[in-house]
Amino acid sequence: MDDTILKAPRVHQKLNSDELFYLLKEQDQAIPKKPVNRDDYRCDCRGRYCDGFPVSLNPTLLEKIEELEKQLKKPVQIISGVRCEQRNTEADGSKHSFHLLGRAADIRCETIGIDELAAAAETVELLVIRDYQGDVVHCQWND
Ligand SMILES: [Zn+2]
Ligand SMILES: [Zn+2]
């Protein structure tokens with residue numbers, strides 16, 4: 001385990017570092033969290049492969065997105081929240097997607113463009129990927 005990843009300033013963190021993925025996976029399994037499985041973050045395999053929450057939604061990710069909604073004064077739509085492995089493979093194939101950890105959500109907001117939404121998400125300290133093709137902002141919480 002390389003703990004320089006965690007000490008590095010957030011802006012230099014890689015969004016999909018394999019080491020970080022496993023580190024956080026272990027950490028999340030070791031520290032029990034109270035479930036905050038809000039229905040709109042449910043895995044969108046729609047019950048084909050899982051019960052909707054193969055992992056719990058990260059509570060801080062949820063808080064940050066709620067903070068973002070307050071800031072925007074509008075609700076955001078959760079296009080993709082938690083994903084099971086099968087659904088993740090179908091959706092984008094990224095093996096170490098943070099959706100598998102309950103630490104990422106793809107969001108959209110009517111009337112607000114990708115760039116503006118992404119910039120707002122960054123102000124609440126989420127890590128973002130602007131997905132212009134999918135017309136969503138991938139938001140991720142790494143801490
Ligand atoms: Zn699923
Ligand atoms: Zn995503």
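Two strands count as paired if DSSP finds at least two bridges between them. By that rule E2 and E4 pair, because they share 4 bridges in the antiparallel sense. The model described here is predicted. Its main topics are a four-stranded sheet, the helices packed on that sheet, two nonpolar cores and a zinc site.

**The sheet**

- Strands of a sheet pair through backbone hydrogen bonds, and the pairing may be parallel or antiparallel.
- Here 4 strands make an open sheet with antiparallel pairing, and their order is E1-E2-E4-E3.
- Strand E1 (77-80) and strand E3 (127-131) are the edge strands, each pairing on one side only.
- From one strand to the next, the twist averages 35 degrees.
- E3 and E4 run antiparallel and are joined by 5 bridges; Leu127 stands opposite Gln140 in E4.
- The hairpin of E3 and E4 has 4 residues between the strands, and Asp135 in this hairpin takes a positive phi near 55 degrees.

**Strand E4**

- How many residues of E4 are buried? The count is 5 of its 5 residues, and E4 is mostly covered.
- In a regular strand the side chains alternate between the two faces of the sheet.
- In E4, Val136, His138 and Gln140 point one way, while Val137 and Cys139 point the other way; all are buried.

**Nonpolar cores**

- In soluble globular proteins, nonpolar side chains tend to be buried together.
- The largest nonpolar core in this model has 26 residues. Ile65, Leu68, Val76, Ile107 and Leu117 have the most contacts inside it.
- Which elements give two or more residues to this core? They are H3, E2, H5 and E4.
- Leaving aside neighbours within four places in sequence, Leu117 is in contact with several residues, among them Leu68, Leu72, Val76, Ile107 and Val137.
- Another core, of 8 residues, lies apart from the largest one and includes Leu20, Leu23, Leu100 and Ala104.

**The zinc site**

- His99 and His138 link distant parts of the chain, being 39 residues apart. His99 is in the loop between helix H4 (85-91) and strand E2 (104-108), whereas His138 is in strand E4 (residues 136-140).
- Is His99 buried or exposed? His99 counts as buried because its relative accessibility is 0%, and the cut-off for buried is under 20%.
- His138 is also buried, because its relative accessibility is 11%.

**Ser97 beside His99**

- Ser97 lies in the loop between H4 and E2.
- A polar atom of the Ser97 side chain lies 3.1 Å from the backbone nitrogen of His99.
- Ser97 has 3% relative accessibility and therefore counts as buried.

Conventions
Residues are numbered from 1 along each chain as its sequence is written. Chains are lettered from A and ligands numbered from 1 in the order in which they are written. This is a predicted model: local features need pLDDT of at least 70, side-chain atom pairs count only at pLDDT 80 or more; totals for chains, interfaces and linings use all residues. Side-chain values use heavy atoms; hydrogens and water are left out. Donors are N, O and S atoms within 2.8 Å of the metal (3.2 Å for Na, K and Ca); water is not among the atoms, so sites may look incomplete. Buried means under 20% relative accessible area, exposed over 50%, partly exposed in between (1.4 Å probe, protein chains only). A polar contact is a pair of N or O atoms within 3.5 Å; within protein, one must be able to donate a hydrogen and the other to accept it, and residues adjacent in sequence count only if both atoms are side-chain atoms. Axes are lines fitted to C-alpha atoms, for helices over the stretch in contact, and angles run from 0 to 180 degrees between N-to-C directions. Contact means heavy atoms within 4.5 Å. A nonpolar core is a set of buried Ala, Val, Leu, Ile, Met, Phe, Trp, Tyr and Cys residues joined through side-chain atoms within 4.5 Å.
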